[in-house]
Amino acid sequence: MLRRLAAAPVAFYLASDSSAPVLFRQADVQVDPATVDEVIESKGDSLCIRASDFREACSGLLESLEDVVADESMSPADRYQMLQVAVSFEVERTLRVVDPGQFVNLSAKFADHISTLVSGTGLVPDELFAIARHDSQTFTHVTNTSGYAVMLAERLGYSDDEELSEIATGAMLHDIGKRAIPKHILCKSGPLNPEERKQIQTHPLRGYEELAARSDVSHEQRMMVYQHHERIDGTGYPVRILGGEIHPWAKLLAVVDVFDALTGSRPYRRPMTVREAAEYVDSHAGTQFEKEMAKCWVAAINCN
């Protein structure tokens with residue numbers, strides 16, 4: 001991303017822990033590629049740009065996602081990171097729009113690229129975990145979960161490209177119902193009280209209702225939204241159905257959704273390690289999660 005921005009009329013700043021960022025390169029100064037590489041190598045972690053410039057750069061990337069995905073000069077991991085960066089502002093923006101259509105369209109477009117990268121380039125779970133962001137941002141969770149869902153689906157025997165892309169899109173959409181939950185509850189730094197927890201547990205139904213009449217969302221994807229918090233033993237929500245009534249795509253989403261949530265940073269707890277999260281999934285196989293799917297994911301995590 002820095003290499004692409006270095007060729008654009010963007011000012012760079014150098015950050016430090018002890019003072020405000022200082023101007024490092026003016027926007028109208030051109031730097032040759034070799035110098036750019038040297039600067040990135042030595043100061044890359046400290047370079048900053050203005051948020052407005054970053055947003056504009058992300059918009060430009062969105063218009064050329066096909067080129068990013070096809071750019072074999074970058075590793076699949078780097079291309080995945082570029083996709084996640086490019087979509088960050090748009091996920092947050094379109095989720096705030098009253099009509100969910102923009103977010104649905106963005107999710108389908110982005111998920112198609114995720115599916116292509118994950119299934120077509122040999123990315124493995126530990127690679128994706130290493131490059132995925134682990135903060136509490138919405139775009140982080142839905143894009144991570146989308147990539148994990150494709151990986152698990154492939155290991156479960158799904159091979160049709162259209163089906164994998166549909167699963168990736170369903171994973172991107174799975175928390176759309178949280179749009180209706182007050183922000184102070186979603187971002188609360190401590191444990192939820194019973195009333196707040198009750199509100200959180202309405203998000204699968206709210207998401208299903210938002211998408212129910214849309215012709216561009218399939219029945220299977222709506223079930224991913226509606227059932228991803230149901231449990232095999234019937235103790236989940238929103239309607240406490242048993243495993244036999246839960247759609248297979250919702251079952252596989254449940255595994256990777258919880259895995260990403262456990263390994264992500266939250267204001268009220270430290271993130272689990274990969275091993276700790278895998279142990280949690282394994283210990284809840286057959287109760288919270290469909291047994292074979294949970295075991296398959298744990299095996300994929302542990303063998304890489």
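How much space lies in the largest pocket? About 1,700 Å³. The model is predicted, so local features need pLDDT of at least 70 and side-chain atom pairs count only at pLDDT 80 or more, while totals for chains, interfaces and linings use all residues. Residues are numbered from 1 along each chain as its sequence is written, and side-chain values use heavy atoms, leaving out hydrogens and water.

**Confidence**
- Mean pLDDT of the chain is 89, and 96% of residues reach 70 or more. The pLDDT score is the predictor's confidence in each residue, from 0 to 100.
- Helix α7 (residues 125-131) has the lowest mean pLDDT among the elements, 70. Helix α13 (residues 219-227) has the highest, 98.
- Helices (H or I, at least four residues) and strands (E, at least two) are DSSP runs, numbered from the N terminus.

**Largest pocket**
- A pocket is an open set of points on a 1 Å grid over the protein atoms alone, with protein on both sides within 12 Å along at least five of seven lines. Lining residues have an atom within 4 Å of a point.
- Grid points are joined across faces, edges and corners, and a volume is the space filled by probe spheres set on the points.
- The largest pocket is lined by 49 residues. Closest to its centre are D175, K178, L186, I200 and R266.
- Two or more lining residues come from each of α5 (76-96), α8 (138-155), α9 (161-173), α10 (183-186), α11 (194-200) and α14 (248-263).
- α14 gives the largest share of this lining, 5 residues.
- By class, the lining holds 23 nonpolar, 12 polar and 14 charged residues. Ala, Val, Leu, Ile, Met, Phe, Trp, Tyr, Cys and Pro count as nonpolar, Asp, Glu, Lys and Arg as charged, and the others, Gly among them, as polar.

**Second largest pocket**
- Its volume is about 770 Å³.
- Of its 26 lining residues, M1, L2, F54, M82 and V85 lie nearest the centre.
- α1 (2-6), β3 (47-48), α3 (51-62) and α5 each supply at least two lining residues. The largest share, 7 residues, is from α5.
- The lining divides into 15 nonpolar, 5 polar and 6 charged residues.

**Cavities**
- A cavity is a set of grid points where a 1.4 Å probe fits but cannot get out.
- The count is 2 cavities of 30 Å³ or more. The largest cavity holds about 50 Å³.
- Its lining is Q227, E230, R231, I232, I246, A250, K251, A254, Q288, F289 and E290.
- α14 provides the largest share of that lining, 3 residues.
- The lining of the largest cavity has 5 nonpolar, 2 polar and 4 charged residues.

**Packing of α14 and α15**
- The axes of α14 and helix α15 (residues 274-283) come within 9 Å and cross at roughly 145°. Axes are lines fitted to C-alpha atoms, for helices over the stretch in contact, with angles from 0 to 180 degrees between N-to-C directions.
- The crossing is right-handed: the near helix is turned clockwise from the far one by less than a right angle.
- On α14, V255, V258, F259, L262 and T263 make the contact (heavy atoms within 4.5 Å). On α15, the partners are V274, A277, A278, Y280 and V281.
- This contact has 9 nonpolar, 1 polar and no charged residues.

- A cis peptide bond joins Y237 and P238, with omega about 20°.
- R240 is also placed there. Its phi is positive, about 60°, although R240 is not a glycine.
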